[in-house]
Number of protein chains: 2
Amino acid sequence: MEIGLRAKGILFCLSGPSGVGKGTVIRALRQLDGNLDHSVSVTTRPPRPGERDGVEYYFRSRQDFEAMLAAGEILEHDEYCGHYYGTPLGPLQEKTAQGRDIILDITVPGSLVTLERFPEAVSIFLLPPSLSELRRRLEGRGTETAAVIQARLDVARKEILEAPRFTYNVVNHEVGRCAEQIRAIMEAERSRSERLTGIAELIMNR
Amino acid sequence: MEIGLRAKGILFCLSGPSGVGKGTVIRALRQLDGNLDHSVSVTTRPPRPGERDGVEYYFRSRQDFEAMLAAGEILEHDEYCGHYYGTPLGPLQEKTAQGRDIILDITVPGSLVTLERFPEAVSIFLLPPSLSELRRRLEGRGTETAAVIQARLDVARKEILEAPRFTYNVVNHEVGRCAEQIRAIMEAERSRSERLTGIAELIMNR
């Protein structure tokens, strides 16, 4: 709506515990919303079967990642289970400057760092319906050992308590419904008057 | 979504110049949204053909209206073309206490008074696509004289400049699309973490 008025695209940060379904929800969202790009993260973890460089992640060596960090090319990063995960800054600045909205699939601490740097970013915390459902989803992946799943659940317990620090909280009961709810949040954010500077004058003069 | 968690319903204030289509949009919204009530205003203007007491308005005498004002039963009121228009406070407090959301069809100054009293209310300013389109809509009603229409347009020019003081700005190009956009704003507001106190604890314990 009146998208031409918006000087800049909006940066949406989607966080939540591992296994809650951030990746699936983002894929569903991008099918609903043609103005939404996602940010491809950089990681040093090896690709899982079927993952492609530049699509799911940019897969980089530890040495390359550390060079990007030193050059200030990484907005935020984290080390998780022995691997770096980071958000490259360049594509994000280019796309929002072009008026494209971007959604980041981002860790909880990464979101908080991003919000310090971009206070106008919009933060969304994705919650599982319950901890037992989160365990089922992590087990269902079949890619992690029981010990890794237990470690992720321990982290999840702490992360869920951070939900009130995010602007929006959305429960992922079912991916389609959840994507619709986040789509509504995006549409609302695009309608905020502070993002529509000059709209009154435009209407007065046409 | 997780509506049981919300302690209180949300008060939405929908304002905009006369003729922009607030009433039509609210009727469309209430068909989309089962949890949304509207507030029936009190007025001293005589009913138009087909209008029923307690449905479009509560029709009251000037004496009765002034008694309600004196008793503090009117949240905000205005005098327009020689008639009082006011928002009764009681139904609004009862319904939000029950967790129902309410939308007010309210004048621009009335919205600003309401926001002072209820800072947690959500304000939406409905804009016409252009001033010439607003004139067409006012003329299309066929109920006002040319002088009244000109007076309303003069007021509209001043009111539109207040749009940035409202949280959301929505352009009413077409009623269905406009109602969908406001529906998205409502869904987003219901997902704000400050309205979902206790959600993290609930998920941890079930």
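**The sheet and the pairing of chains**

Analyst: In chain A, strand 1 (residues 11–15) and strand 7 (residues 101–105) pair in the parallel sense over four bridges. Strands are DSSP runs of E of at least two residues and helices runs of H or I of at least four, numbered from the N terminus; two strands pair if DSSP finds at least two bridges between them. This is a predicted model, in which local features need pLDDT of at least 70, side-chain atom pairs count only at pLDDT 80 or more, and totals for chains, interfaces and linings use all residues. Residues are numbered from 1 along each chain as its sequence is written, and chains are lettered from A and ligands numbered from 1 in the order in which they are written.

User: Which residue is the bridge partner of Leu11(A) in strand 7 of chain A?

Analyst: The partner of Leu11(A) is Ile102(A).

User: What is the strand order of the open sheet?

Analyst: The five strands of chain A follow the order 2-7-1-8-9, with parallel pairing. Strand 2 (36–38) and strand 9 are the edges, each pairing on one side only.

User: How many residues of chain A are in contact with chain B?

Analyst: Contact requires C-beta atoms, placed from the backbone, within 7 Å. Here 31 residues of chain A are in contact with 31 of chain B. Helix 7 of chain A gives the most to this side, with five residues.

User: Which rotation superposes chain A on chain B?

Analyst: Copies are superposed by least squares on C-alpha atoms of residues with pLDDT of at least 70 in both. A rotation of 180° with 0.0 Å of shift along its axis superposes chain A on chain B (RMSD 0.1 Å), which means the relation is that of a two-fold axis.

Notes: Contact = placed C-beta atoms within 7 Å.
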